[in-house]
Amino acid sequence: AANCLLKVVEEPPSDSVIILIAAHARAVLPTIASRCQKIRFANLRRHHVEGILEKNYKVGLMQSRYLAYYSDGKIGDALSLSQAGFLAQRDIVLQKLMPGAGNRGLDDFFKDKPQAQQTLSILMSWFRDLLFAKLSMRGEYLINQDKAGEIESDAFRYSRAQLLTILAVLAKGFEYLKSNVNLRLLSDTITVNVVWKS
């Protein structure tokens, strides 16, 4: 397929513009990349994403702010998350971290790879915010803007060392997902090292 594409790029039709989109430049063969003009697309500013969600899609102020920060200015991601029950899922995942939460396993959120990745992202953003609050970073740097009060109070339950350890475990979880680890094993690891230590 790459060789066929190379032939088209070497001898493009005169009446066409070919746009090749890749997540990483190194994923494209050097012989193809050298024949292309590289254009990097930046994410939108977060307040622009916020405004689009509020004005065009009637998403509430706090929810749109959270989605703008969580998606890091990627309007497509923010839109799909706003319509996919993601906010409800985040609240359920975060409830597992509350003291006295009862059945605190995460098995329901590790049934497939995309869901597991989303759960890890939710947890990563939460504990990152707790660390920022612990370090007295300004609230505007928080991803979970709509839960700033809970973050401030929850940050006191952890030491800096605990938060750094939890973040390292979650980062390792992303690496395990890339290597197709058993999802049940990953769920148990996160439950033991993150949820039960909360």
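## Helix α7 and its surroundings

Helix α6 (residues 86-95) and helix α7 (residues 113-134) pack with their axes 10 Å apart and at an angle of about 65 degrees, where axes are lines fitted to C-alpha atoms, for helices over the stretch in contact, and angles run from 0 to 180 degrees between N-to-C directions. Helices are DSSP runs of H or I with at least four residues, numbered from the N terminus. The model is predicted, so that local features need pLDDT of at least 70 and side-chain atom pairs count only at pLDDT 80 or more, while totals for chains, interfaces and linings use all residues. Residues are numbered from 1 along each chain as its sequence is written, and side-chain values use heavy atoms, with hydrogens and water left out.

**The packing of α6 and α7**

- α6 passes α7 in a right-handed crossing, a crossing being right-handed if the near helix is turned clockwise from the far one by less than a right angle, and left-handed if anticlockwise.
- On the α6 side the contact (heavy atoms within 4.5 Å) is made by Phe86, Gln89, Arg90, Val93 and Leu94, and on the α7 side by Gln115, Gln118, Thr119, Ile122, Leu123 and Trp126.
- Sorted by class, this contact has six nonpolar, four polar and one charged residues, where Ala, Val, Leu, Ile, Met, Phe, Trp, Tyr, Cys and Pro count as nonpolar, Asp, Glu, Lys and Arg as charged, and the others, Gly among them, as polar.

**Helix α7 along its length**

- The 22 residues of α7 should span 32 Å at 1.5 Å a residue, and this agrees with its end C-alpha atoms, which are 31 Å apart; the expected span is 1.5 Å times one less than the number of residues.
- Asp112 caps the N-terminal end of α7, with a side-chain oxygen that lies 2.8 Å from the backbone nitrogen of Gln115.
- The buried residues of α7 include Ala116, Leu120, Phe127, Leu130, Leu131 and Ala133, where buried means under 20% relative accessible area, exposed over 50% and partly exposed in between (1.4 Å probe, protein chains only).
- Among the elements that cover the buried residues of α7 are α4 (61-70), α6, α8 (148-154), α9 (160-178) and α10 (183-195).
- Asp129 is found in α7 and counts as buried because its relative accessibility is 0%.
- Leaving aside neighbours within four places in sequence, Asp129 is in contact with Tyr141, Leu142, Ile143, Asn144 and Ile151.

**The loop between α7 and α8**

- Ser136 lies in the loop between α7 and α8, and its phi is near 60 degrees, a positive value in a residue other than glycine.
- With a relative accessible area of 65%, Ser136 is exposed.
- Lys147 also has its place in the loop between α7 and α8, but Lys147 is buried, with a relative accessible area of 14%.
- The side chains of Lys147 and Asp91 are joined by a polar contact of 3.3 Å, that is, a pair of N or O atoms within 3.5 Å, of which, within protein, one must be able to donate a hydrogen and the other to accept it, while residues adjacent in sequence count only if both atoms are side-chain atoms.
- Not counting residues up to four places away in sequence, Lys147 touches Arg90, Asp91, Leu94 and Trp126.

**Other positions**

- Gln63, in helix α4, is partly exposed, with a relative accessible area of 33%.
- The C-alpha atoms of Gln63 and Asp146 are separated by 6.7 Å, although these residues are 83 residues apart along the chain.
- Asn180, in the loop between α9 and α10, has a positive phi near 60 degrees and is exposed, with a relative accessible area of 60%.

Technical notes:
Helix = DSSP H or I, 4+ residues; strand = E, 2+ residues; numbered from the N terminus.
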